[in-house]
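Biologist: I would like to learn how to read helix packing and pockets. Please take me through a case.

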Amino acid sequence: PPGSLALPSEELSPLGKWDEQLEATIIQALALREEIQASLAAADSSSWRATALFNRYWPKFGMQSSGSYRGQYQTQGLQGDNRRWDASLGISFNWMLFDGGIAAAEAERQRADERQFKDEASEKRLVISREVELSYANYLTSQLAVQSTQAQSQSARKAASAVQERFAVGVTSMADLVQALEQAIRAANIYATAILGYNSAVAELYRSSARWPEGTEPLLKQRALSLRKR
């Protein structure tokens with residue numbers, strides 16, 4: 001409502017912690033990132049299509065067999081038993097000697113697509129490795145920033161409290177009090193920015209490594225299940 005101020009229910013603090021080393025984080029990212037998996041899947045698909053096209057030039061053999069059995073038994077004063085077996089076996093042979101090179105040309109194009117997709121996967125590996133390295137460096141830097149700015153904020157807050165006490169007994173001036181409060185506010189803002197940078201670095205590590213934060217996978221499965229039911 002007008003005239004009221006909304007405040008957060010929880011105290012400002014760093015959220016989460018990254019326990020994996022850089023090498024392990026890169027390995028996980030390269031194994032799970034969907035961009036790499038998509039390129040490798042496309043390369044495999046092109047490889048299979050090329051193989052199928054080249055196989056058209058090989059002779060094809062086929063075999064087919066069938067069989068049947070008929071039996072009849074009648075009793076009307078006479079008894080008879082009539083049984084008959086029928087069976088057949090067929091062999092086919094087909095060999096396309098020449099098609100103008102159409103299948104071979106298409107197969108070569110699929111091979112080229114396979115190489116292209118593999119090159120894309122290799123390039124994405126480098127890009128993703130770089131992303132993880134930058135995220136990890138930001139995480140380490142933000143850790144130091146949080147520790148440093150937290151100490152500065154606490155020191156500035158204590159200094160402002162001391163100036164307030166001296167101002168209350170008339171020892172210091174209003175200008176000194178205002179300056180101390182401004183320094184405390186500035187230090188608090190810098191500390192808040194450092195925490196934001198830390199939380200963003202942790203979130204970026206989760207994203208770049210394709211790792212789900214603790215406790216989020218059940219929510220993801222629940223959401224996926226609700227989407228399937230629609």
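Modeller: Start with the pocket. In the lining of the largest pocket, α3 has the largest share, with four residues. Helices here are DSSP runs (H or I, at least four residues; strands are E, at least two), numbered from the N terminus. This is a predicted model, where local features need pLDDT of at least 70, side-chain atom pairs count only at pLDDT 80 or more, and totals for chains, interfaces and linings use all residues. Residues are numbered from 1 along each chain as its sequence is written, and side-chain values use heavy atoms, with hydrogens and water left out.

Biologist: Which residues line the largest pocket?

Modeller: First, the term. On a 1 Å grid over the protein atoms alone, a pocket is an open set of points where a 1.4 Å probe fits, with protein on both sides within 12 Å along at least five of seven lines; lining residues have an atom within 4 Å of a point. Here the lining is E11, L12, Q150, S153, Q154, R157, A188, Y191 and A192. Both α3 and α4 (174-209) supply at least two residues each.

Biologist: What is the volume of the largest pocket?

Modeller: About 230 Å³. A volume is the space filled by probe spheres set on the grid points.

Biologist: How is a pair of packed helices described?

Modeller: By the angle between their axes and the distance between the axes. Axes are lines fitted to C-alpha atoms over the stretch in contact, and angles run from 0 to 180 degrees between N-to-C directions. Take α3 and α4: their angle is about 160 degrees, and their axes are 7 Å apart. That makes the two helices, α3 and α4, roughly antiparallel (over 145 degrees). By class, their contact has 25 nonpolar, 12 polar and five charged residues.

Biologist: At what angle do α2 and α3 cross?

Modeller: Helix α2 (residues 34-54) crosses α3 at roughly 165 degrees, and the axes come within 8 Å. So α2 and α3 are roughly antiparallel too. The contact of α2 with α3 has 13 nonpolar, five polar and 11 charged residues.

Biologist: How do α1 and α3 pack?

Modeller: Helix α1 (residues 22-32) and helix α3 (residues 102-168) pack at about 140 degrees, with axes 10 Å apart. The pair α1 and α3 is therefore oblique.

Biologist: Which residues of α1 and α3 meet?

Modeller: Contact means heavy atoms within 4.5 Å. From α1 come L22, T25, I26, A29 and L30; from α3 come R125, I128, S129, V132, E133 and Y136. By class, that contact has seven nonpolar, two polar and two charged residues.

Technical notes:
Parallel < 35°, antiparallel > 145°, perpendicular 65-115°, else oblique. Nonpolar A, V, L, I, M, F, W, Y, C, P; charged D, E, K, R; others polar.
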